[in-house]
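Hi everyone, thanks for coming. Let me put today's structure up on the screen, and then I'll walk you through a few spots in it.

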Amino acid sequence: QVSRDRRGGCCFFRDEMNLQARQALEMERALHRALIEQQFELWFQPLLDLQTNQVRAVEALVRWRQPSGELVPPDQFIAHAEESGQIIELGRWVLKTAVMQVAGWQQVLGRPLGVAVNISPRQLRHHGFVDEVAELLSDSGLAEGALELEITESIFLDVDSESEVVSLMSQLRQLGVRLAIDDFGTGFSALGYLKRFPVDTLKIDREFVCDIHESVNAATLCQAIVWMARGLQLDVVAEGVECEAQLEMLVQSGADSAQGFYIAKPMVAPDVLLTIARMDRDGQVRAGG
Ligand code: C2E
Ligand code: MG
Ligand code: MG
Ligand code: MG
């Protein structure tokens, strides 16, 4: 009886493993093909400077356009690409495409425009990453200080890699690259890492922003993050702004920039310049209240 149960459990477990392994393999093949056939697209979402009321940067967000026409969001494939290592090639394409694109837009706009690019920890630590960034910056002619790399707090979790990561981050900053902590507040790291790692910007996760206008606790947390960032001389970006009331609160709390559907949704490249021109002209909130 016991041994049969065990065997049953074991077989069931093995089937599960097989299924998962098969799915992972299928995904890897699909991603491989997608990379060769250039099925990825970059969408861009504006970041509004709350002081000048102008678009100060755009964040590049990758999507996968399947041959069927279906658009797959990054949450459904980035983790797989990280697992398989394909994030190196995909991330390289994202970075290059985003930087080249925004360097062109800077020329047309005739004013500074930043570009924020999401970087996975594995990509940052991949051999030669800093050199690739340096080369891309000089090839593209992107303005100094215009590239901002976004990385999540998970990079600070691994104590063993700390000195390596600190060194990589310092090298990137010497190139004039700005470093942002994405989804700030949702990771598992202790705040102490802010003392040890060279960063420029905190991006408050939308989890904290979503009820800032309705909940005293949420508003207090956001305000505390802004004050802390001030003290540490970091910029603060609030993500996931979906209504006017949230935006007003963020302006009052002293956040530097805001991003979210209320300001502008992610859009395809051909829409970016017109949208920025319109936003520059019409403004979003009245600066200074
Ligand atoms: P993220 O970097 O935090 O990007 C913000 C996500 O929130 C985007 O989803 C954006 O469309 C969404 N968003 C923006 N404003 C609002 C809002 O007002 N309300 C709500 N509910 N959502 C909003 P998206 O494009 O699906 O990206 C999801 C995540 O995928 C990103 O989160 C980022 O972590 C990752 N990702 C995207 N592109 C890349 C990439 O090129 N490389 C890497 N490594 N990760 C990427
Ligand atoms: Mg991001
Ligand atoms: Mg984020
Ligand atoms: Mg987020």
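I'll go through a metal site, a helix and the cysteines. Please keep in mind that this is a predicted model.

Let's start with the metals. Which residues coordinate the magnesium ion that is ligand 4? They are Asp183, through OD, and Glu239, through OE, at 2.3 to 2.5 Å. Asp183 also bridges this ion and the magnesium ion that is ligand 3, and the two ions lie 3.0 Å apart. Now look at where the two residues come from: Asp183 sits in strand β6, residues 178–184, while Glu239 is in the loop between β8 and α10, so the pair links parts 56 residues apart in sequence.

Next, helix α3, which covers residues 87–109. With 23 residues at 1.5 Å each, α3 should span 33 Å, and its end C-alpha atoms are 32 Å apart, which agrees. Its buried residues include Ile88, Val94, Leu95, Val102 and Trp105. Just after α3 comes Gly110, with a positive phi of about 70°.

Last, the cysteines. How many disulfides does a search of the whole structure find? The count is 0. For Cys210, the nearest cysteine sulfur is that of Cys222, 9.3 Å away. Cys243 has its closest cysteine sulfur in Cys210, at 10 Å, which is too far for a bond. Both Cys210, at 40% relative accessible area, and Cys243, at 23%, count as partly exposed.

Thanks, everyone, and over to you for discussion.

Technical notes: Residues are numbered from 1 along each chain as its sequence is written. Chains are lettered from A and ligands numbered from 1 in the order in which they are written. This is a predicted model: local features need pLDDT of at least 70, side-chain atom pairs count only at pLDDT 80 or more; totals for chains, interfaces and linings use all residues. Side-chain values use heavy atoms; hydrogens and water are left out. Donors are N, O and S atoms within 2.8 Å of the metal (3.2 Å for Na, K and Ca); water is not among the atoms, so sites may look incomplete. Helices (H or I, at least four residues) and strands (E, at least two) are DSSP runs, numbered from the N terminus. The expected span of a helix is 1.5 Å times one less than its number of residues. Buried means under 20% relative accessible area, exposed over 50%, partly exposed in between (1.4 Å probe, protein chains only). A disulfide is a pair of cysteine sulfur atoms within 2.5 Å.
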